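Hi,

Here is the structure I promised to hand over. Please open it alongside this note; my findings follow below.

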Amino acid sequence: MKYKDLSAEQKLKISSLGQLKQAGFQPQSIKDELRANLIEKKKKGENIFEGIWGYEDTVIPDVERAILSRHNINFLGLRGQAKTRMARMMTYLLDEYIPVIDGAPLNDDPLHPISKFARDKVEEKGDETAISWMHRDDRYTEKLATPDVTIADLIGDVDPIKAASLKLPYSDERVIHFGLVPRSHRGIFVINELPDLQARIQVALFNILQEGDIQIRGFKLRMPLDVQFVFTANPEDYTNRGSIVTPLKDRIDSQIITHYPSSIETGKKITEQEAVLANAQKDGVEIYELAKDLIEQIAMEARDSEYVDAKSGVSARLTISAFENLVSACERRMLMSGEAKTSVRVNDFIGVIPAITGKVELVYEGEQEGPGIVANNLVGKAIRSQFINYFPDPEKERKKEEGNPYEPIKEWFEKGNMIDLLFDATEKDYQKELKNIPGLEKLVDKYQKTSHEGFKYFLMEFALFGLAEYSMLSKHQLEQGMQFKDLFTSMFSMPEMGDDE
């Protein structure tokens with residue numbers, strides 16, 4: 001039986017260099033290992049990057065091409081674009097176990113040792129050299145680049161304590177304490193936010209990437225390190241905090257551009273996959289597809305907003321946090337009313353505001369408006385964008401002399417009527433308020449026939465919010481809810497201002 005045909009259980013029984021040779025083991029570089037396993041999985045039709053949505057025709061093919069080319073990779077993209085997750089998932093392309101010389105500091109290949117410890121061990125023990133097995137998960141190392149990272153952290157340095165305890169001169173190779181990169185030999189090493197690494201530290205990576213060797217202090221070490229490098233970077237960092245020095249950029253073989261979801265459907269898959277909900281929330285709260293669409297639409301509106309810094313991007317974490325907050329807003333209302341189950345309301349979107357304000361970087365005009373106002377405006381724009389997918393466009397209907405489906409609703413408010421939709425209203429009070437508005441239920445029945453009673457009331461409320469966004473009604477936020485009334489009545493009943501104002 002060939003070595004590659006051995007099961008994990010059979011491999012773990014091999015405990016010496018002699019047994020490993022008999023099994024037919026041959027050294028293989030990590031880049032060749034990734035390539036071979038990718039080829040095997042592609043032939044079987046397996047999905048390597050399970051749970052990564054929206055990259056099927058863009059990023060994933062680029063990554064696969066880079067692996068087949070044995071390239072080091074740089075993921076370049078804005079925040080929240082799954083750059084680090086893609087890097088972590090590359091471990092699935094590693095062999096489940098690889099043999100290493102037991103106790104070696106650099107995960108030395110038994111047939112190709114590079115550290116002095118491993119070379120001496122093989123020379124002393126020969127085929128009796130002890131072998132241990134390293135799992136693929138232990139072959140992944142990740143380092144966040146920060147300005148305080150030193151060459152000693154990444155490459156290594158002389159350890160005076162080790163020299164004193166072993167009574168060795170500084171000229172002896174054994175006094176070296178190796179850094180993260182040498183200890184990632186035969187593994188994947190990831191540096192996140194590469195531009196944050198100081199330029200002089202980036203320079204230290206030149207030799208490792210090109211020649212595969214390292215230099216520590218005065219030692220002339222020729223260590224052919226075998227490392228798959230993966231870097232992540234945000235384009236914003238090139239101007240704000242630092243940049244990737246040109247010679248290092250030149251040595252990174254493939255730079256892969258990541259992006260945000262191109263559609264609401266893709267965004268919903270990501271959000272629902274990543275959102276962490278308690279079982280009580282899943283069982284007790286019903287969230288309609290339209291509400292999920294609105295969450296994704298908020299992110300899309302933010303990415304196009306003049307108040308949000310486009311260079312910083314709007315992370316997918318915004319929609320995940322917003323979805324979790326929306327469910328929690330429903331759950332809180334359910335707990336206060338003592339009801340066993342509930343369904344989402346448009347009013348519950350007041351709960352997503354804190355998830356937005358902490359996730360967007362505002363430009364100067366946005367800062368002037370204030371994060372709370374910008375967040376509320378984004379929710380409003382999302383409602384406006386989705387409204388015409390469910391009801392006739394108010395802009396077009398406004399121009400019609402007759403047959404405007406919104407006229408009965410508008411006329412009722414013009415007579416001085418108003419309603420208050422309270423955030424914590426019981427289901428009974430909530431439905432009663434909506435039913436009091438003539439023409440609202442008929443509007444929903446005409447354009448969105450649904451047998452789901454709860455969704456019907458959601459659409460009625462959605463229609464009110466939508467008409468407010470199209471300036472057919474006035475909407476004001478109260479301390480405990482939302483108030484809707486006639487637009488012109490609202491304008492003329494504004495409080496009087498003093499001379500200064």
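Helix H4 (residues 59-68) lies across strands E1 and E9. Its direction runs at about 170° to that of E9. Bear in mind that this is a predicted model.

E1 and E9 belong to an open sheet of five strands. The order is E4-E7-E8-E1-E9, and the pairing is parallel. Strand E4 (140-144) and strand E9 (254-257) are the edges. Each has a single partner strand, so one side of each has no neighbour in the sheet. On average, neighbouring strands are turned by 20° against each other, direction ignored. Helix H3 (residues 30-44) also packs on this sheet. H3 touches strand E7 (187-192) and E8, and its direction makes about 80° with that of E8.

Now the pairing around E1. Strand E1 (residues 73-76) is joined to strand E8 (residues 227-233) by four bridges, and the two run parallel. Four bridges also join E1 to E9, again in parallel. Ile 73 is a handy place to look. Its bridge partner in E8 is Val 230. In E9, Ile 73 stands opposite Ser 254.

E9 has two faces. Ser 254 and Ile 256 are on the covered one. Gln 255 and Ile 257 are on the uncovered one. As background, side chains in a regular strand alternate between the two faces of the sheet.

Ile 419 and Leu 421 make up its covered face, while Asp 420 and Leu 422 make up the uncovered one. E12 pairs with strand E14 (residues 481-485) over four bridges, in the antiparallel sense. Leu 421 has Met 482 as its bridge partner in E14.

Next, the nonpolar cores. Which residues have the most contacts inside the largest one? They are Phe 391, Phe 462 and Leu 464, in a core of 69 residues. Helix H25 (residues 453-469) supplies the largest share of this core, eleven residues.

Leaving out residues up to four places away in sequence, Phe 391 touches Tyr 406, Leu 443, Val 444, Tyr 447, Gln 448, Leu 459, Phe 462 and Ala 463.

Helix H17 (residues 316-337) gave a length check. At 1.5 Å a residue, its 22 residues should span 32 Å. The end C-alpha atoms are 32 Å apart, so the two values agree. At the start of H17, a side-chain oxygen of Ser 315 comes to within 2.9 Å of the backbone nitrogen of Arg 317. Gly 338 follows H17, and its phi is positive, near 75°.

Is Thr 266 buried or exposed? Its relative accessible area is 15%, under the 20% cut-off, so Thr 266 counts as buried. Its side chain makes a polar contact with the side chain of Ser 263, at 3.0 Å. Setting aside neighbours within four places in sequence, Thr 266 is in contact with Trp 53, Gly 54 and Pro 261.

Best regards

Methods:
Residues numbered from 1 in each chain as written. Predicted model: local features only at pLDDT ≥ 70, side-chain atom pairs only at ≥ 80, totals over all residues. Heavy atoms only, no water. Pairing = 2+ DSSP bridges. Axes fitted to C-alpha atoms, helices over the stretch in contact; angles between N-to-C directions. Contact = heavy atoms within 4.5 Å. Expected span 1.5 Å × (residues − 1). Polar contact = N/O pair within 3.5 Å; in protein donor to acceptor, adjacent residues only side chain to side chain. Core = buried A, V, L, I, M, F, W, Y, C linked by side-chain atoms within 4.5 Å. Buried < 20%, exposed > 50% of the residue type's maximum accessible area, 1.4 Å probe, protein only.
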